[in-house]
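This report describes the fold of a protein chain and the pairing of its charged side chains. The sequence and structure are shown first.

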Amino acid sequence: MTGQAPRHAVVIASGGLDSTTVAYWLADQGSELLLVSFDYGQRHRIELDHARRVAETLDARHEIVDLTSVGRLLTGSALTDANVPVPDGHYTDVSMRSTVVPNRNALMLDVAVGAAVAAGADAVALGIHAGDHPIYPDCRPAFLDAYARLAKVANEGFLVAGFRVLAPFLRSSKADIVRTAAALGVPFELTWSCYKGGPTHCGVCGTCTERREAFTLAGVPDPTTYVGAEDAEVSR
């Protein structure tokens, strides 16, 4: 990111590696933080507890927004529909297509921008990255550019000067994020990635596989406990 760090940022915080690293990156620059998480009926809602614990380490305000009634309308995704299995194996656009939740980032951004306007914050930030581009339409640069314009039009006259929608890792890989997180002292053990919803990372679903690969490629020790990790191959 170029320019001055935000004075006050609302961070869409899932409790995962990406959004947690965004929060730590902003905190390192002196930004005041409000972390906003979303309960949309996801099977891995354990991530919300991890987001809370991350917020505590940053001494940041944390709010959980109840979107469960909306989530009931977003059927067909492995994250919101118990009849759709979470895919295992390498994180690819084919295998992970079933994990797309329709319009999820736009919904979350709408709430986060509203919260930013109400709080007088000068930024909203989220943790989308380059590895998401092939799979998730609402993680691509075109979406972010269009949404930033929409936020300014929708809140004209109410946004503070210089308001921005930030995705500092938009063109970074997951391994890049792990390297940045290690340098910032992110508590990896508090972050959550697994989509299957168990009490421990499964080690074999697409997001666990991506997490394990990122640590390997980054050359950073992975403190995560995985169930079934001994049977999962990680590309090197």
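## A buried charged pair

Lys174 and Glu210 are both buried. In this predicted model, the two side chains form a salt bridge whose closest N and O atoms lie 3.6 Å apart. Lys174 belongs to helix α6 and Glu210 to helix α7, so the pair ties together parts that are 36 residues apart in sequence. Together with Asp18, these residues are linked in a network of salt bridges.

## Other salt bridges

The structure holds 8 salt bridges. One of them joins Asp88 and Lys196, with an N to O distance of 2.7 Å. Asp88 is in the loop between α3 (68-71) and α4 (104-119), while Lys196 is in the loop between α6 (174-184) and α7 (206-218), so this pair ties together parts that are 108 residues apart in sequence. Asp88 is partly exposed, at 43% relative accessible area, and Lys196 is partly exposed at 34%.

Asp39 and Arg45 form another salt bridge, at 2.5 Å between the closest N and O atoms. Asp39 is buried, with a relative accessible area of 9%, whereas Arg45 is partly exposed at 44%.

## Overall fold

The protein chain contains 7 helices and 5 strands, in the order β-α-β-α-β-α-α-β-α-β-α-α from the N terminus. Its radius of gyration is 17 Å, close to the 18 Å given by the globule rule for 236 residues, so the chain is as compact as a globular protein of that length. Of the 236 residues, 54% are buried.

## Charge and surface

The chain carries 20 positive and 27 negative side chains, with the centres of the two sets 3 Å apart. Its accessible surface is about 10600 Å², and carbon and sulfur atoms account for 51% of that area.

Technical notes
Residues numbered from 1 in each chain as written. Predicted model: local features only at pLDDT ≥ 70, side-chain atom pairs only at ≥ 80, totals over all residues. Heavy atoms only, no water. Helix = DSSP H or I, 4+ residues; strand = E, 2+ residues; numbered from the N terminus. Rg over C-alpha atoms; globule rule 2.2 N^0.38 Å. Buried < 20%, exposed > 50% of the residue type's maximum accessible area, 1.4 Å probe, protein only. Areas by Shrake-Rupley, 256 points an atom, 1.4 Å probe, with all protein chains shown as cover. Lys, Arg positive; Asp, Glu negative; His and termini not counted. Charge placed at Lys NZ, Arg CZ, Asp CG, Glu CD. Salt bridge = Lys/Arg side-chain N within 4 Å of Asp/Glu carboxyl O.
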